[in-house]
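Please report on the side-chain contacts here.

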Amino acid sequence: MAAVPAYAASMDEESVAADEKMWQGWTEENRENAWNAYAMTNWSDMDDLLNFGTGDSSAKAEINETLRKKLETDIEAYLTSEQVINLYENGSLGSYAPTCYKELLLAIAGNLNEGISDPGDDMFHINEYFNADQEIHSREDSIRYLFTYLIRCENTYNRSHSGAVDIYVSDEKLAAVVQSLLYGSDFAVNYEAYNEENAKEYYERHKEEFIFSGKQYDFASRILDDYTAVKAIGHLTNYQSTVSDH
């Protein structure tokens, strides 16, 4: 029995040495494996055991890499433009810094462009899904419309319900905001929590108003299936900070 601890210690050292030999830093493959492991884990069963620290919250859209390369630069350029930054600093946008919405926008774009090799200027298909009369002359026009409406839906939701939506928590509240992009901000007023049943109910009452084909009950579900978010402990949004101050 006295030999067991020594044997175990030796095995631990061998395992550590093997792990160190295999570990080559945060390569693209290692990042992908880590995200896949996170996305497949049921974290709700481990709430009492987890502590992500007080670092930045993070998110990632799981979309085709070729499509990401075609869209990410334009989305990032718009979100970091002086015009958008000024609006945010003046309190005219949402609860988060504009760049925090990049991955959610990519998840939306990924779904709307599924099977499309060249998204073109109207990368969010504004004229097909959201507003047939909106003039879209560039990708910036398309991004501006979608982003502005996303912020409007988020703010509408926050004013209509007791709990604010959190873009770093992929739940039925965020889904209600995402679904309201397609169904109209009134959906965010009527439903605090999205599910396909209330989406169906709302569609049947308003279907004559919509321009898109298909019923799209699962619009929010599809997008959030491709959106993985991690909320850092202690991370308050502008909205939450304002509420707590009062």
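Y183, F187, Y191, Y202, Y203, F210, F212 and Y217 make up one aromatic cluster. Rings of Phe, Tyr and Trp (its six-membered ring) count as a pair when their centres lie within 6.5 Å; planes under 30 degrees apart are stacked, over 60 edge-to-face, and the rest tilted. This is a predicted model: local features need pLDDT of at least 70, side-chain atom pairs count only at pLDDT 80 or more, and totals for chains, interfaces and linings use all residues. Residues are numbered from 1 along each chain as its sequence is written, and side-chain values use heavy atoms, with hydrogens and water left out.

**Aromatic pairs**

The structure has 17 aromatic pairs. One of them joins Y78 and F147 edge-to-face, with 6.1 Å centre to centre and 75 degrees between the planes. Y78 sits in helix α3 and F147 in helix α7, so this pair links distant parts of the chain, 69 residues apart. Helices (H or I, at least four residues) are DSSP runs, numbered from the N terminus. Both Y78 and F147 are buried. Buried means under 20% relative accessible area, exposed over 50%, and partly exposed in between (1.4 Å probe, protein chains only).

Y183 and Y203 form a tilted pair, at 6.2 Å centre to centre and 35 degrees between the planes. Y183 belongs to helix α8 (residues 172-183) and Y203 to helix α10, 20 residues apart. Y183 and Y203 are buried too.

**Salt bridges**

There are 13 salt bridges in the structure. Each is a side-chain nitrogen of Lys or Arg within 4 Å of a carboxyl oxygen of Asp or Glu. Three of them are listed here.

| Pair | N to O distance |
|---|---|
| E76 and K102 | 3.2 Å |
| R144 and E140 | 2.9 Å |
| R205 and E201 | 3.9 Å |

E76 is partly exposed at 36% relative accessibility, whereas K102 is buried at 14%. A network of salt bridges links E65, R68, E72, E76, K102 and E103.

R144 and E140 both lie in helix α7 (residues 139-160), four residues apart, about one turn of the helix. R144 is partly exposed at 26%, and E140 is partly exposed at 40%.

R205 and E201 are four residues apart in helix α10 (residues 196-206), so about one helical turn separates them. R205 is partly exposed at 48%. E201 is partly exposed at 43%.

Note on methods. Helices (H or I, at least four residues) and strands (E, at least two) are DSSP runs, numbered from the N terminus.
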